[in-house]
Amino acid sequence: MTQTLEPTPPAVQSGPAQTWLADFEAALKERDIPRAAGLFATKSYWRDLVAFSWNITTVEDPAGVADLLESTLDRVDPSGFALEEPEATADGVTTAWFTFETAIGRGRGLLRLKVEDDRAKAWTFLTTLYEIKGHEEPRGVRRPKGAEHGVNRDRVTWAEKRQAEAETLGLTEQPYALVIGGGQGGIALGARLRQLGVPSLVIDRYERPGDQWRGRYKSLCLHDPVWYDHLPYLKFPDNWPVFAPKDKIGDWLESYVKVMEVPYWSSTTATSASYDEEAGEWTVTVSRGGEEITLHPKQLILATGMSGKPNIPDLPGMDVFQGEQHHSSKHPGPDAYEGKRVVVIGSNNSAFDICGALFEHGADVTMVQRSSTHIVKSDTLMDIGLGDLYSERAVASGVTTEKADLVFASLPYRIMHEFQIPLYQQMAERDSDFYQRLENAGFRHDWGDDGSGLFMKYLRRGSGYYIDVGSAELVANGDVKLAQGQVSHLTSSAVVLEDGTELPADLVVYATGYGSMNGWAADLISPEVADRVGKCWGLGSDTTKDPGPWEGEQRNMWKPTQQEALWFHGGNLHQSRHYSLYLALQLKARFEGIETPIYNLAPVHHLA
């Protein structure tokens with residue numbers, strides 16, 4: 001009998017990332033922290049999203065790595081570090097996707113290696129928790145069966161279960177987590193908590209989900225592209241417009257709430273909240289359809305949006321001005337202002353959008369620029385700034401939304417501007433004629449304090465920029481008039497600048513932005529609690545409107561705060577999608593009674 005032998009597979013070549021991960025795991029297993037820290041470069045960054053720290057935090061250099069491991073290693077007990085796909089080397093950097101396990105969960109990460117002292121050492125290291133063992137989401141092979149086969153005289157249908165929940169949750173049964181704010185952030189988090197089995201309730205003051213968008217000025221469209229804006233679980237269809245109009249987004253959010261079965265109370269306003277440390281729960285009073293209801297959640301999440309609390313200036317003469325005046329968040333659109341003289345105070349996204357729509361409808365429009373603004377043309381930003389991660393070409397090359405999110409998350413904030421600066425230099429060169437015309441019109445333009453452009457401005461201060469979808473051309477060619485300076489006061493019929501310039505007006509629009517999210521905490525809970533948690537948003541970069549010291553992460557966002565059981569969830573659609581997972585996992589762990597010792601709880605440096 002002749003025996004047929006199977007061909008021997010070629011030996012797998014061990015690359016630097018595979019070797020590094022094996023060395024790292026061995027050092028961790030032996031609890032040899034100096035050896036593990038020595039695998040990191042002299043200048044290196046480990047960003048952890050919940051997996052080790054029960055926090056969102058970044059440590060720097062071998063000393064920071066050692067500190068994190070000293071505090072977490074025995075408890076986390078990490079193991080099973082393995083490449084998820086073949087590693088790749090380009091421009092002296094080896095990049096590798098990997099998976100790992102901890103004592104309580106499973107994680108995924110991204111490693112970048114550089115050669116230092118003839119050894120491959122970690123330059124950036126991202127670790128993320130994506131599920132808790134024993135509490136996995138019912139997805140894929142774990143998806144619910146749905147149908148109940150067989151005979152059951154006590155059968156309860158899906159519709160009956162949903163009706164029973166609607167009649168009890170928040171009334172006879174308390175939600176574990178209460179999410180205040182039912183825009184994209186609150187809805188995304190509500191969907192995550194639903195899938196994780198955390199009893200939660202999302203409340204919002206508007207009549208229908210999506211009304212936050214429907215009520216804005218009628219020309220509003222998303223300035224970010226569709227690939228950047230998917231919600232968890234349910235992506236936009238592949239015929240969805242690149243830049244979705246506000247009403248289309250509103251309808252999508254309403255549909256999403258229904259399809260994802262997010263427990264949601266509309267027409268509900270939270271009026272007060274207080275925390276009982278001894279009981280470990282909140283008392284939250286809400287008004288629902290005119291009825292006062294008291295809720296007692298264990299966790300309170302403010303998802304009211306970083307663009308939720310309007311900054312309305314208090315100017316002399318506002319009480320004597322005889323025309324109409326409102327904040328941009330209340331601007332109804334341009335239809336009623338044909339032939340009217342309109343002064344728009346501000347020169348960022350909302351200001352430009354409103355000026356453009358007013359001009360199209362025959363208004364006489366003047367923009368008041370109080371400080372310099374960064375502008376980037378939409379097509380240029382989509383190509384150079386986002387195209388490699390969030391675009392049709394990225395999808396075609398195998399970059400899923402989830403993968404793009406992790407690539408973005410893997411870049412430490414400390415050095416992110418170094419990646420952004422060359423991109424914005426390319427944009428400046430491509431559109432140099434456009435910028436020259438803007439400057440010739442008297443517009444004050446900047447590229448950020450260090451030339452790093454729009455995204456760093458967004459992360460540092462959440463303001464100071466405009467993604468140009470056409471309205472900047474109106475300023476460049478003089479169709480929208482431009483005035484420079486601070487506003488001194490209003491008269492009965494004009495806006496007066498500090499240099500004495502009078503701008504006659506029938507309507508004044510205050511496109512003056514929004515305040516820190518802890519302003520909501522001050523209004524709802526108390527000024528003392530707002531000060532206890534401190535300013536939300538910003539990195540501590542010590543650039544304009546982002547005072548130091550360096551914090552390394554977004555202040556107070558998606559992570560524990562100095563107020564027990566109080567969380568903040570906000571940002572754009574991308575951040576709502578991505579960070580809702582990590583916030584949901586933190587809440588799930590607490591719901592299940594899993595210990596969550598927090599490493600590096602951020603101190604408070606700024607109160608407002």
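Author: Let us start with a charge over a ring, meaning NZ of Lys or CZ of Arg within 6 Å of the ring centre and within 35 degrees of the ring normal. Here the charged end of K114 lies over the ring of W123, 3.7 Å from its centre. Likewise, K248 has its charged end over the ring of W240, at 4.4 Å from the centre. This is a predicted model, where local features need pLDDT of at least 70, side-chain atom pairs count only at pLDDT 80 or more, and totals for chains, interfaces and linings use all residues. Residues are numbered from 1 along each chain as its sequence is written, and side-chain values use heavy atoms, leaving out hydrogens and water.

Reader: How do I describe two aromatic rings?

Author: A pair of aromatic rings is described by the distance of the centres and the angle of the planes. Rings of Phe, Tyr and Trp (its six-membered ring) pair if their centres lie within 6.5 Å; planes under 30 degrees apart are stacked, over 60 edge-to-face, and the rest tilted. The count by this rule is 36 aromatic pairs. In one of them, F98 and F100 are tilted, with 5.9 Å from centre to centre and 40° between the planes.

Reader: Is F98 buried or exposed?

Author: Buried means under 20% relative accessible area, exposed over 50%, and partly exposed in between (1.4 Å probe, protein chains only). F98 is buried because its relative accessible area is 0%. F100 also counts as buried, at 3% relative accessibility.

Reader: Which residues form one aromatic cluster?

Author: Among them are Y228, Y390, F408, W537 and Y582.
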